Amino acid sequence: MEYSMNQLPQAINSDAKTQSSENQNSEVVSDNSGGQTLDSENVDSNTLAAVLQFLQKHNLKGTADALKKEARLKEDQLRDAQALQVDSEATNLLSSYKSEGDPNAYEKAYLSYRRFVESSLDVYKHELSLVLYPLFVHMYLEMIYNNHENEASKFMERFSIDQEDYYQEDLKKVSFITKKEHMKGSDLMENFKSSQFTVRMSRDTYSVLKRFLQDKNQSIVMNVIQEHLYVDMYEGVPRNKAQVESTAGAMEGEANRQVNKTKIYYGLLKEPDIQLSVVEEEEDGEPGEGGEKPKKKKPKKDPLLNKKAKSDPNAPPASRLPLPDLRDIDKLEKVRALREASKRVALGPDSLPSICFYTMLNCAETVTCVEFCEDSSLLAAGFSDSILKVWSLVPQKLRAMKPAEQLADIDKEAEDVLVRMMDDKTGETMKVLYGHCGPVYSASFSHDRTLLLSSSEDATIRLWSLQTWTCLVVYKGHIYPVWDVRFSPHGYYFSSVGHDRTARLWATDHHQPLRIFAGHYSDVDVVQFHPNSNYVATGSSDRSVRLWDCVSGNCVRLMTGHKGTVSALCFSTDGRFLASGGADQKVLLWDLAHGHLLADLPGHTMTISSLAFSRDGTVFATSSLDGSIQLWDFFRMTDESSLEDVNISGHNPDLLKRSNVIESLRLARYPTKATPVMSLHFTRRNLLLAAGMFEG
Amino acid sequence: MSEYEATGSLNLPTESMKIMAESVGVAGLSDSAAKELADEINFRLKTVIQDATKFMHHGKRKRLSTMDIDHALKIKNIEPLYGFSNQDHIPFRFASGGGRELHFLEDKELDIADIIGGSLPKLPLDVALRAHWLSIDGIQPAVPENPPSLSKDQQRLESSDPVSKLAKIGDKTQKKSTTLTATNKPKTETVQVKQLTAHELSVEQQLYYKEITEACVGSDEARRAEAFQSLASDPGLHQMLPRLCTFIAEGVRVNVVQNNLAPLIYLMRMVKALLSNQTLYLEKYLHELVPAVTSCMVSKQLCLRPEVDNHWALRDFSSRLIAQICKNYHTTTNNCQTRVTRLFCRALANDKMPLASFYGALVGLSELGTEVIKAFIIPKIRAIGERIEPYLDGTGQANADRIAASHIKQLTIKVMVPILKVTRQPPDNVDDYRQEFGYLGPALHGAVNRARSQTTTTASSGVISSAAAGSLGLSAGRGTIVMGGASGSATTSRNQSSVVANAASNPTKYMFVTSRPSTPVQVTAPQTTQVVKLVSGAGQASKQTVMATNQPKYVMVNSSQIVRAPIKMEGAEGTSEVKMESSVVIKTENITILDD
């Protein structure tokens, strides 16, 4: 009960943001319950009451009545719930910060806890020190709440420098709040108030902490810990400093181990059989092409390709997420991809990839995103002046479809109908797409190169046709800027994230989202589809990475360890690992099977902008706005991090942190002259493409 | 700005609130109300700016723009401030005074007629996409699009501490082996020992080398200019440095013997181009460059007709190169400057030295800075005078020798005057000068007097003393320079009047300079900046410091000399028509020399 009470205001808050109009209301509710209808027994009457209250507050009478009717709630029942609700909200908003008579007591209490941490045994020290930051913030807020402004600012001044570096930015925001009235509108405040800060501790550490609290009669510290902290206790040896630091730093504390228990299907989907036969057919059909020997090709095939053909034990059932059927054109594309893949260069420490760098000139500080398409033939760039440009990177020009009357004349049975329907007169190497009315923050090509998605500050997502070069659909759902949008590797689905703290799953033929993933505590900045399309990973300004199940809509992994906004995500080729880069200049590597941190790759000096795995999964490339690209030996990285030796208690296994090992994993570093690298992409033949805008 | 942020104390004061209130017609805002308002507005502003940074980050920018603020206001459901958007960054200007600091925006008044009547602004260039290879099979090619493959710092580190490179390689192999054992992989001991072979040049590099060397010494002047430009600016030349330096050294050796002035000039200009290339660190190649350059200074004959050809310009030019080399690459390990200085001193002390070589040694020393001049030339002035006296006065001497002697005399006066002017207190007495400097005394006296009459500002003297103190300290720190034995014997000076006349007639070419200091504002402004820059800079700059602060016109004189030198060089092999044209080109070059 206590838990749900705490969560309610948060739920309302996130709802308030997601609801721009009445008609979205039902969708939110249904999403929270994973697609169930309203009359389901599961709908908590409290939740309903909260929704109703929100509706009443915003004068949405019609919806409120409809909801009441639909939920078949009796009025008295409602009133009860409402009373309870009002009551609980009041207590939550107001009395969670009880008044302590003497503002100086806080300082004393904080000092005594700090002394306790400093004097405790080294074994416990690091885990105990995790409490310092939430304790500090809550004490500060309590002081503000009780109108001890001067004492609060002194308190802030004196102790804020004690806190870890990665909390300083948040502390700055907290320190803006100098009045009780400010607390109301602040997002950060609401996070602190409504959520519990998770601190992971061993049982021994916890008992040390308990003893301290009881012995010293630390009522203030005790209060904060009881009200606002969730202690995630585990059996075993307390962690050392490096271990503690590796996962600390997120806005909501460390990841709760319970969250990461769900099994996830990280394997790749079985490739449809049809393609192999098509391959053979094609090869038979064109035996003379390029003088290749088609017969030799089959035994030579990559082990990775073979593995794909076998069914992966970790792969999701094919029927788990309905995927669009393969069209003929998709099959042809797959054949092309396979043929290209057979010409792939095997990469490794001794054969590094070549890097082709596309520099955008005459556009300093106006390019907001750059994106390559899967087969590396197209490049899209979004600009801060709302336009979107698409370049062709191959000799073929970008052509538009013929007008309707001419299309009617074309023989639809012809072999080359796809070629014939394009108008050669419109051929250009670059086309501009106009439509957005705000900076375009991301773009994503569909796998068949016929569609392009873009997201913008104007809170819309647009779907463009790359055949007619027009906008097809405007998806309105986010009401704040959309930071990132990404097509599923299988097409049809796409996912977007934005300032409204949600990630959304869409299908191209629905104007409303299929799923809304709510749970991040701040802007969601980046999204990435799992190669099997069943999962979506999001990175947020709350410094955590989450993995969401597209089918159930649940958060199945929560990974903390970044010390700054997460700015780039990438799944490994085999789907098992997730790499994330952040504004903290770190690249972290996660094992999705357990949500563990495997490696922390240093070396960049600015925000990480892009990550890419080579097609054969051996080399891992990272790029940063500092204008450098680094290559890492991913094969050895996963080889050495003892994957099988997984600690059941849920610790992270020892990080590959020893600096000499990490240094030896770095294969190369390439600086540019004055071009922040914005995007990386491995072609099918393992050539690395990179793009950025020249700032010289 | 950042320090304010760190403390979080950047707040709008209540006074600003009151002023703003007045501007919208609310008079007499009470203190407490203003305070409340200020607090509230501070909070709002800070949250808006925090949100604006999100837009900045997503725009992949490092600077906040006005558009970011607009967007941040928009998500807060506040009407943006229309009309304040700006494509460029706001050029805030900074002013401080009376203990207050202020950032403000310069609001220029524009004349509408100018806008209407003016030509249309140029269309901005369209966005262009350009591809290049950042890496080919793991190796970054040295193309202009890529940064220099080996940074200057790294080159410096490797030349000063070759062990570091070895250590790095060793480290790598060691790392490899440890990680191999860690994984228990079947390992084979394949430690590759790098052979000490000459680095193979790629085909492109060979082609480049051939083109460059041909262009540098060839007859096509336009191509030569391009080649020098390439040498001076292209990154990634360090792999070819050993070859280029050998080319220069060999070229000088051959051409000095054959007295080919023109190729020597070209080779020296090559050295200069390499010196001015920001990406190169030449320390490893000094053993080839220094002898080559010194040969061009002190060789007894550099051209076929010493009386006619202006080999003096080459000597001057080379001496400046040597000075620059010493300045850039002198370290305590190579003792470059000390060794060069000792070499020249020995040459000066040698009585049998031909006059041309004597001149070379003298000009070399004089370029090395005030301290060197004070320590090594001043004690020798008497000896120099003795040396040249017979050639200037006597009859029946070879014409070449007389020219050489007069060059030496001019040089001595030019070098000595700025120093004597500072070190000696007025009034100047001709007899004192004669006593001290022998034959050259009267000439020096006349020149110093003239120089004194031209200096006007007294403020400069204060600056000079501080600069001199700074350079003194630097030289004391080095302390390795040993005084060359100076022998001065009394000489009688005859023909005094003619010397003065000579000195008086000489400065005609300085004419345009003399007017300079008469505008004191102009003089003082550059002086201060010069001093700050040079005192904080390397010790070798000391000579320039004094020159610049003491007598700005002498810097100009100096430059006019530099200007003159290459003109004569061109003239030496070209026709007199070329002279005028090339002088312009070279003048621009000179500006860079001075800026260095």
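This is a predicted model: local features need pLDDT of at least 70, side-chain atom pairs count only at pLDDT 80 or more; totals for chains, interfaces and linings use all residues.
## Overall make-up of chain A

Chain A contains 696 residues, and 58% of them count as buried. Its secondary structure consists of 23 helices and 31 strands.

Among contacts in chain A with a separation of 6 or more, 62% are between residues 24 or more positions apart. The accessible surface amounts to about 29100 Å², and carbon and sulfur atoms account for 50% of that area.

## Burial of strand S28

Strand S28 of chain A covers residues 628-633. With a residue counted as buried when its relative accessible area is under 20%, six of the six residues of S28(A) are buried, so the strand is largely enclosed by the rest of the structure.

Both sides of S28(A) take part in this burial: A:Ser628, A:Gln630 and A:Trp632 point one way, while A:Ile629, A:Leu631 and A:Asp633 point the other way, and all are buried.

Three residues lie between S27(A) and S28(A), which form a hairpin, and A:Gly627 in the turn has a positive phi of about 80 degrees.

S28(A) is also joined to strand S29 of chain A (residues 666-671) by five bridges, and these two strands run antiparallel. Here A:Trp632 has A:Arg666 in S29(A) as its bridge partner; A:Trp632 is among the buried residues of S28(A).

Technical notes
Residues are numbered from 1 along each chain as its sequence is written. Chains are lettered from A and ligands numbered from 1 in the order in which they are written. Side-chain values use heavy atoms; hydrogens and water are left out. Helices (H or I, at least four residues) and strands (E, at least two) are DSSP runs, numbered from the N terminus. Buried means under 20% relative accessible area, exposed over 50%, partly exposed in between (1.4 Å probe, protein chains only). Contact means heavy atoms within 4.5 Å. Accessible areas come from the Shrake-Rupley method with a 1.4 Å probe; for residues, only the protein chains shown count as cover. Two strands pair if DSSP finds at least two bridges between them.
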